[in-house]
Amino acid sequence: MTPRPQSEPTAKSRQLAAAEVDPLTGYLTTDQGIRVSDTDNSLRAGARGPSLLEDFHLREKIMRFDHERIPERVVHARGSGAHGYFQVYESLADRTAATFLHDPSVRTPVFVRFSTVQGSRGSADTPRDVRGFATKFYTEQGNFDLVGNNMPVFFIQDGIKFPDLVHALKPEPQHEMPQAASAHDTFWDFVSLQPETMHHVIWLMSDRALPRSFRTMQGFGVHTFRLVDASGRSTFVKFHWTPVLGTHSLVWDEAQKIAGKDPDFNRRDLWEAIDAGHFPEYELGMQFIPEDQEFGFDDIDLLDATKIIPEEVVPVTPVGRMVLDRNPENFFAETEQVAFCIGNVVPGIDFTNDPLLQARLFSYLDTQLTRLGGPNFAQIPINQPVAPVANHQQDGFHQQTIRRGPANYHPHSIGGDGPVIAGPDEQPYVTYPESVDGPKERRRSATFADHYSQATLFWNSMSDWERQHIVAAYRFELGKVTRLPIRALMVTHLNRIDHQLATAVAAGIGVPAPEPEGENHGRRSPALSQADTARETILGRKIAVLVTDGVDRESVTVLEQALTQLGATVELLAPVDGNVTTADGVDLPVTRAITTVASVLYDAVVLPAGEDAALALTGDGYAVHFVAEAYKHAKPIGVLGGGLAVFNQAGLTAPVPDRSGVGRAAGVIVQSATGPASDDFVAAFVEDIAHHRHFDRPLDVVPA
C-alpha cells in the first residue's frame, strides 16, 4: 500500500489536530466551525423585539450548556422543597384570565424548591450566593411555574451570556476549585469585563446573599411578565414574594462557620419548622404597569432583567398568600425530580421580549430532557398537573401513559374525534397579539445601556451596617483574586457606583484609591434595605440556654415556657449530654451537649442564674467562646443572676440594671436578681430576638 504524502492529512490526523487546538487562540466558532460575529446578543426582531428560533448560535450555545451535567442540575443543584397552598386575597379577574387568581376561597396546591446556584448537590447551604425561589402552582388550567430568585435582578441582560456567566462562576476547570464560591479569578474577570453585572453583583455582596432561613427570604420573578384579562387587555407585571417573618440574614463569618458545623442548616431549618407546625408563609405582591406606560420610566426598560422598578415608583400590591405546610415524603422523588420550566404558564399570564427570559424559555425545557431522561418528565408525579392532559405526544423514554386506539394525530376521523381544539369559551391559551416589526439583528437596545445608576440606588438605600458588610464582602472576594489588574478594574467600576464605596474597597485590597468620577445621584429606595424589615415575631427562632449542674431551675423553666409559647425553639445545652442537677436537686433533661453544636446555629443565647453553674461554665472554654461568638455576630443575649459571671468571662461588659433590676443595651439584657425572669426581662428579650441582630453593638470589645 502506497503511503499518503505528508502534506495530505488523514482523517485521524485531522481529528487529532482538532482535538489539540488551543481554545484561547484563533476565532470563536460554532461546533460546526462557523465563525461567530457576536456572542453577546441573541438574534431578534429589532433591538427590543423577541428572540428568533432561527438563531442557531444561541440554540447551540444554550443546548451545549444545558447538557454539561447529568443528572445533577448544572445550576441550582443544591435544593430543598416543600408542599403548600396559595390563596388570592381578592379576585384579579379584572387583570388576568388566570382563574387561580380569581376565587379567594380556592386553595391552589403548590410545590416550592429553594436552592443555591453555584454549588454541587452535596455542597453547603450557606455560601455567599443567589438563592433560587421556584414555585409550581397546580392550577385547574394547568401548571404555572414562577421560577425566580431571592434577588430581583440578574447578572446579565441576554440569555446568550448565561453559559459564559456560569462557566466563570463555577469552579475553575483546571483544578475544580473553589466549590460554591464566587471569590476567585474567573468570576471577577468576567464581571469586570461585563459592566451589566454591576447591579446584581452589589446585591450579591450584600447580606441578601446570606439568608438566615428560607423562611426569612424574599423571592422575585426577576422578569417583567404580562397579565392578560378575558377581553385581551394586557398589563405588565413583576412578581414579589415577601416572608411574613421578615427578611433576615446571617453575617459572613457566621455563614462560613455554619458550612462546617451544619452544612444542611437551611434545609434542616425548613424541615424542622414545618414538622413543628411553624408553617412558613409568604405574601405574593405584584407591581402593575399599564401597557401604555411601558416607556414611562426615564431610566428603566421593562425588558432589562438587570433593573428593578423601585417600589416608590410603582408600589407592590399584595394579592395573596402562600403557606408551606407539608414536607416531601421522599427527597429524590419530589425535590430532586421536580422540573420547573419558565415556559409553563396558564391562560392570563404571558411573556415579554426580555432577551434573558426568551433564552430561559428554551433552556429550561431543554435541560430536563437530559436531567430526567427524556421528554416524559411531566408524567413524574411531582410534575403532573391536576388539570386533565390529552394530546398526541407518544413514546420516548419512561412513557407511563397507556394510550388506546389507532389515531395518534390531529385531525382524525378514526376512533372518535378527541381530543379537540378548545374554543374561545373553553379557556384555551391565547398568546397576547403583540405587534413585532424590526430587522433581524444582534443588537442591544440603547435603553439597556445604563449599568451603574441602579447599583448606586442600592448602595444609597443601605443602612450604615449594611454598607459595612458590603465593603467587607468586596474586600474578601477581591482579596481572593490573584491577578491585580482584575482588582483594579473592579475598583474602576465601583467608582462609577459610588466614590466612597470604591475608596473603601480599594483600601482593603492593595489597589490605589481612585479619583472621583461623576456624582452620586442621591436617590434612595428604603424598601431595598433589610434594616426596615418586619420584626414582630420570634416564631421559629432557636434559643440556646447554657446549663450545667447547679443551675437555677426557675430561671430556665419560666423563660423556656414563655419563649416556647411564642413559637420559639428552646434548647438546653450542657457540657455533656443527659441531665443536669439543678440547685434545688431536680434532674433537668439536656437537649444536647454544647460540644456538638455552636453559637452560629442559634438566634439568641441565655445565661441562666445559679452561682455553682456559672462558676463551672466560666472554666469551660467552649461555653465562654459560645457567648463571645454570639456577641460578635450581634445576637441577643439574656443574662440572669449569676450567669453574668460567664458573660464577663467572655471579656464583655454588661449593661447596668436600673431600678427595675433589668439592664438593657444593644441586644444584651441583664437581670440582677436570681430566680425566674421578670415580665420586664421577658418582654425586652422577646423584642430583641424579634429584632434579629444588633449591629449598634460595640464589637471592638470582643476578644480576638
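Q: By class, what makes up the lining of the second largest pocket?
A: That lining has 21 nonpolar, 18 polar and five charged residues, where Ala, Val, Leu, Ile, Met, Phe, Trp, Tyr, Cys and Pro count as nonpolar, Asp, Glu, Lys and Arg as charged, and the others, Gly among them, as polar. The model is predicted, and local features need pLDDT of at least 70 and side-chain atom pairs pLDDT 80 or more, whereas totals for chains, interfaces and linings use all residues. Residues are numbered from 1 along each chain as its sequence is written, and side-chain values use heavy atoms, with hydrogens and water left out.

Q: Which residues lie nearest the centre of the second largest pocket, and how many residues line it?
A: The lining has 44 residues, and Pro 385, Pro 388, Val 389, Ala 390 and Asn 391 lie nearest the centre. The space amounts to about 1,500 Å³, a volume being what is filled by probe spheres set on grid points that are joined across faces, edges and corners. At least two lining residues come from each of β5 and α9, these names following DSSP runs numbered from the N terminus (helices are H or I, at least four residues; strands are E, at least two).

Q: What makes a space a cavity and not a pocket?
A: On a 1 Å grid over the protein atoms alone, a cavity is a set of points where a 1.4 Å probe fits but cannot get out, whereas a pocket is an open set with protein on both sides within 12 Å along at least five of seven lines; in either case lining residues have an atom within 4 Å of a point.

Q: Which residues are closest to the centre of the second largest cavity?
A: Of its 20 lining residues, these are Pro 152, Phe 220, His 240, Ile 308 and Glu 311. This cavity holds about 180 Å³ of space, and strand β8 (residues 234-243) supplies the largest share of its lining, three residues.

Q: Why does Gln 287 count as buried?
A: Buried means under 20% relative accessible area (exposed is over 50%, partly exposed in between, with a 1.4 Å probe and protein chains only), and Gln 287 has 1% relative accessibility, so the residue falls in the buried class. Gln 287 belongs to strand β9 (residues 281-290), and its side chain reaches the backbone oxygen of Ile 309 at 2.8 Å and that of Val 314 at 2.7 Å. Both pairs meet the rule for a polar contact, namely N or O atoms within 3.5 Å, of which, within protein, one must be able to donate a hydrogen and the other to accept it, while residues adjacent in sequence count only if both atoms are side-chain atoms.

Q: Why is Glu 571 called buried?
A: Its relative accessible area is 7%, so Glu 571 is placed in the buried class. Glu 571 lies in strand β14 (residues 569-574), and a polar contact of 3.0 Å joins its side chain to that of Arg 592. Leaving out residues up to four places away in sequence, Glu 571 touches Lys 542, Ile 543, Ala 544, Val 545, Thr 591, Arg 592 and Tyr 602, contact meaning heavy atoms within 4.5 Å.

Q: Why is α4 described as largely enclosed by the rest of the structure?
A: Six of the eight residues of α4 are buried, which is why the helix is described in this way. They are Asp 185, Phe 187, Trp 188, Phe 190, Val 191 and Ser 192, and what covers them includes α3, α5, α11 and α12.

Q: What makes a set of residues a nonpolar core?
A: The members must be buried Ala, Val, Leu, Ile, Met, Phe, Trp, Tyr and Cys residues joined through side-chain atoms within 4.5 Å. The largest such core has 54 residues, of which Phe 155, Phe 187, Trp 188, Ile 202, Ile 470, Tyr 474 and Leu 501 touch the most other members. Apart from it lies another core, of 48 residues, including Phe 133, Val 338, Ile 342 and Ile 380.
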